[in-house]
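This report considers a pocket and the salt bridges of the structure shown below.

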Amino acid sequence: MSPARSAPVALLLVLCGTVFLEGADVAMLAVAIPSIRAELGLSTGTAAWVMSAYVLGYAGFTLLGGRAADLLGRRRMFLGSLVVFLLFSGLGGFAGDGATLVVARFITGVAAAFMTPAAMSIITTSYEEGPRRNRALLIFAGTSAAGFSLGLVIGGLLTELGWRWVFFAPVLTSAVILAAAVRLLPRGDRAASGTGPASLRGPRGFDLPGAAAAAGAMLLLAYGILRLEHAGSGLRVTAGAFAAGLALLGVFTVIERRSPAPLVRLGIFRRAAMVRADLGALLFVGSFFGFQFVVTLYLQELRGWSSLETALALVVMGCDAVLAPLLTPLLVNRFGTVRVALGGFLLAIVSYGLFLPIGPDWTYAAMFPTLLLTGVAFALVYGPLAIAATDGVAPGEQGLAGGLLHTATQFGSAVGISAVTAVYGLAVAGTDGSPAAALTAYRAALLVPVAGVVLGALVMATGLRRRNARIRPAAGSGGGSGQAEGSRGVVAEGVSP
């Protein structure tokens, strides 16, 4: 049987293992940063760049990584990037200074930028479009979120043993996944061009000028976003990064229009469902990370909770790991991707809104509804958006579609954290720094994620008018782009052959 029609459950477990690892890796480091800073004597700026370097590498190269999987082979790119991820995670564990950590985190982020879109495109090309693929994508999305939520707890426990274990644990996990992936990943994965990876020139070759322009533009734009958190400090540098990034983006567009074998076929942006899903993912993930960042500051800086106590408090948001494969398919089967995702956005508005009047001595019971609803909202939004972003896309562009989605999510996380940090900084500036002033600043920063999910709900609502005309038949029907607007038949089928 063709691999596009059948794929073993073990393959899905391996691919989910990588996305869990990627999410947990980020979360564990976030918990460990105070210990790393104390032991290595890092400045505030260097400590911030230890975190930001990963996001910069990931956001800068995800688009290129996704397309490289299509053109150079998904198996090759997945295995190669997983090896790099493993090696530079280990380098971080042995680091004795901030510069080594920053370099290790940047290259680890670049490796993740190639690994994650390749994993997602292996799913979308190994499962036939329809119920099985949708369920696999929902499980993949839920595992990603679970990695981040559970990574907070794992990071807290590992930091108690020593912060270097936050780097060594991913090395061990990567090695296990790599051994399984070598056996399970489909072989004979041809490049989309049909000429194989050896051909880098000619009308069917790899678009090197476009690749360079895309990577440069994404890096500069990501750097500009990360600098937003500095508010008025270094405004010229921030503006210069944005201007240069936009200029390179224009150069990239010109190159792609003229190239006989473009890195990114610009016509793919005519897919309204894909564009809507990517924009929705950017807004939702940005709001989620921004909210979580503010809550972490509130619990640790204002309330004096330890990193482990904070992680345990937030772990309830990981409920999406259970809901995404169990509840979300039922809802998508009944209502379609657009309605389910819109419902998740509306639930997030309620969730974040409940936290706006936060007080100086709120009990955990008072915070629990918001934390639980946030996890439920994530389960309702992210999986359906992953389906919409890839449904109906040609097999030769599945890596590109996955790369665009993950580029959006990485930029979203950077925007969300930078925006809430900037708003908090502006709100607290000029005050006496008292707990009351900090609390007011937290409330102001919480308006950012609320605004993000409101905008996201409006974006998703634009897809409702197309739904009735583009719903696909139930399980077993042929492929088409309609499922992005109203997926059906997800629950009836499993992910196994």
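The second largest pocket has a volume of about 440 Å³. A pocket here is an open set of points, on a 1 Å grid over the protein atoms alone, with protein on both sides within 12 Å along at least five of seven lines; the volume is the space filled by probe spheres set on the points, which are joined across faces, edges and corners. The second largest pocket is lined by 17 residues, and those closest to its centre are M218, F269, L404, T407 and A408. Lining residues are those with an atom within 4 Å of a point. Helices α7 (208-227), α8, α9 and α14 each contribute at least two residues to this lining; helices are DSSP runs (H or I, at least four residues), numbered from the N terminus. By class, the lining comprises 14 nonpolar, two polar and one charged residues. Ala, Val, Leu, Ile, Met, Phe, Trp, Tyr, Cys and Pro count as nonpolar, Asp, Glu, Lys and Arg as charged, and the others, Gly among them, as polar.

The model is predicted: local features need pLDDT of at least 70 and side-chain atom pairs count only at pLDDT 80 or more, while totals for chains, interfaces and linings use all residues. Residues are numbered from 1 along each chain as its sequence is written, and side-chain values use heavy atoms, with hydrogens and water left out.

The count of salt bridges comes to five, where a salt bridge is a side-chain nitrogen of Lys or Arg within 4 Å of a carboxyl oxygen of Asp or Glu. Among them are the following pairs.

| Salt bridge | N to O distance |
|---|---|
| R67 and D70 | 3.1 Å |
| D70 and R74 | 2.9 Å |
| R265 and E397 | 2.9 Å |

R265 is partly exposed, with a relative accessible area of 38%, whereas E397 is buried at 10%. Buried means under 20% relative accessible area, exposed over 50%, and partly exposed in between (1.4 Å probe, protein chains only).

Salt bridges that share partners join R67, D70 and R74 into one network. R67 and D70 are three residues apart in helix α2 (residues 44-72), so about one helical turn separates them.

Definitions and conventions: 1 Å grid on protein atoms, 1.4 Å probe; cavity = no way out; pocket = protein on both sides within 12 Å on 5 of 7 lines; lining within 4 Å.
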